[in-house]
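Subject: Structure handover

Hi,

Here is the structure you asked for. Please have a look, then read my notes below.

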Amino acid sequence: MTHTSLIVATSKDGFIARDKDKDPSTIWTSHEDKKRFVELSKRIGTIVLGLNTFNTFPHDENGNPKPLKGRRHIIYADREIAPHPDVEVTTDKPEVLLEKLNDRGIKEVAIAGGASIYRMFLDTNLVDTIYMTVEPIEFGSGVPFYKGNIEERFKLVKEEIVGNGTIFREYQRK
Ligand SMILES: NC(=O)c1ccc[n+]([C@@H]2O[C@H](COP(=O)([O-])OP(=O)(O)OC[C@H]3O[C@@H](n4cnc5c(N)ncnc54)[C@H](OP(=O)(O)O)[C@@H]3O)[C@@H](O)[C@H]2O)c1
């Protein structure tokens, strides 16, 4: 089965965004996290995103979000989006999408947000690995990562502090 990894950056108090706004997470995440995201997502090769998150990406001259170079993007959306060779649209349930990816020989996929996509995949038991970055900032309120208990279902296998107090965590499903 296609290995399912999830990549997320949170504030110290567990939020993935200050607001449900148009700003990408890259405006508050550290250089170290951006580098980790690029390395992980390029190695994994396929990222799954919700339309709101895709819309936070820089836009081209036609007003369409530009996909990240060298990665296949699978976007959850109920509507058509501008065609691009690296972009596919889906409405499949997680288990159906993962089965189709597996049939295509895709060995690993990264679930890259936002909140609705994290929730949809974490509500199943299909996520194998979580790459979490915790940034040393507090938002007080905002978009929470996930309401369920990660520590109960996932084992922390690696933790590293980098830069100015950024924490890299890796969890594996128990
Ligand atoms: N810190 C991080 O690591 C991180 C990572 C990613 C995103 N974020 C943040 O997360 C926030 C966005 O999260 P979000 O929950 O608002 O949006 P989202 O998950 O990015 O996208 C939600 C949209 O995706 C579409 N969608 C979701 N499930 C679908 C399904 N099953 N079938 C068809 N379409 C589906 C719907 O679009 P339509 O209804 O329009 O079709 C829905 O409105 C932003 O603030 C972003 O910055 C943070």
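Which residues in α4 are buried? They are A115, I117, Y118, F121 and L122. Buried means under 20% relative accessible area, exposed is over 50%, and partly exposed lies in between, with a 1.4 Å probe and protein chains only. Seen down the axis of α4, the buried residues fall within an arc of 165°, so they line one face of the helix. The arc is that of the directions from the helix axis to the C-beta atoms. Helices (H or I, at least four residues) and strands (E, at least two) are DSSP runs, numbered from the N terminus.

Some ground rules. This is a predicted model, where local features need pLDDT of at least 70, side-chain atom pairs count only at pLDDT 80 or more, and totals for chains, interfaces and linings use all residues. Residues are numbered from 1 along each chain as its sequence is written, and side-chain values use heavy atoms, with hydrogens and water left out.

Ligand site

There are 27 residues around the ligand. A residue counts as near if one of its heavy atoms lies within 4 Å of the molecule. A9, K20, T53, R79 and S116 come nearest. By class, the shell has 13 nonpolar, eight polar and six charged residues. Here Ala, Val, Leu, Ile, Met, Phe, Trp, Tyr, Cys and Pro count as nonpolar, Asp, Glu, Lys and Arg as charged, and the others, Gly among them, as polar.

A backbone N or O atom of L51 lies 3.2 Å from a ligand oxygen atom. For G114 the distance from a backbone N or O atom to an oxygen of the ligand is 3.1 Å. For D78 that distance is 3.0 Å. The protein covers 83% of the 930 Å² of accessible area that the ligand has on its own. Those areas come from the Shrake-Rupley method with a 1.4 Å probe; for residues, only the protein chains shown count as cover.

Which elements give two or more residues to the shell? They are β1 (3–10), β2 (15–17), α2 (51–55) and α4 (115–122). The largest share, five residues, comes from α4.

G114 sits in the loop between β6 (108–111) and α4. The peptide bond from G113 to G114 is cis, with omega near -5°. Most peptide bonds are trans.

Helix α1 covers residues 31–44. Its 14 residues should span 20 Å at 1.5 Å a residue, and its end C-alpha atoms are 20 Å apart, which agrees. The expected span is 1.5 Å times one less than the number of residues. D33, R36, L40, S41 and I44 are buried in α1. Down the axis of α1 they fall within an arc of 115°, so they line one face.

T133 lies in strand β7 (residues 129–134). T133 is buried, at 1% relative accessible area. Its side chain makes polar contacts with the side chains of D33, at 2.7 Å, and R36, at 3.2 Å. A polar contact is a pair of N or O atoms within 3.5 Å; within protein, one must be able to donate a hydrogen and the other to accept it, and residues adjacent in sequence count only if both atoms are side-chain atoms.

L6 is in β1 and is buried, at 0% relative accessibility. L6 and F121 are 115 residues apart along the chain, with their C-alpha atoms separated by 8.9 Å. H73 is in β4 (residues 72–76) and is buried at 0% relative accessibility.

Best wishes
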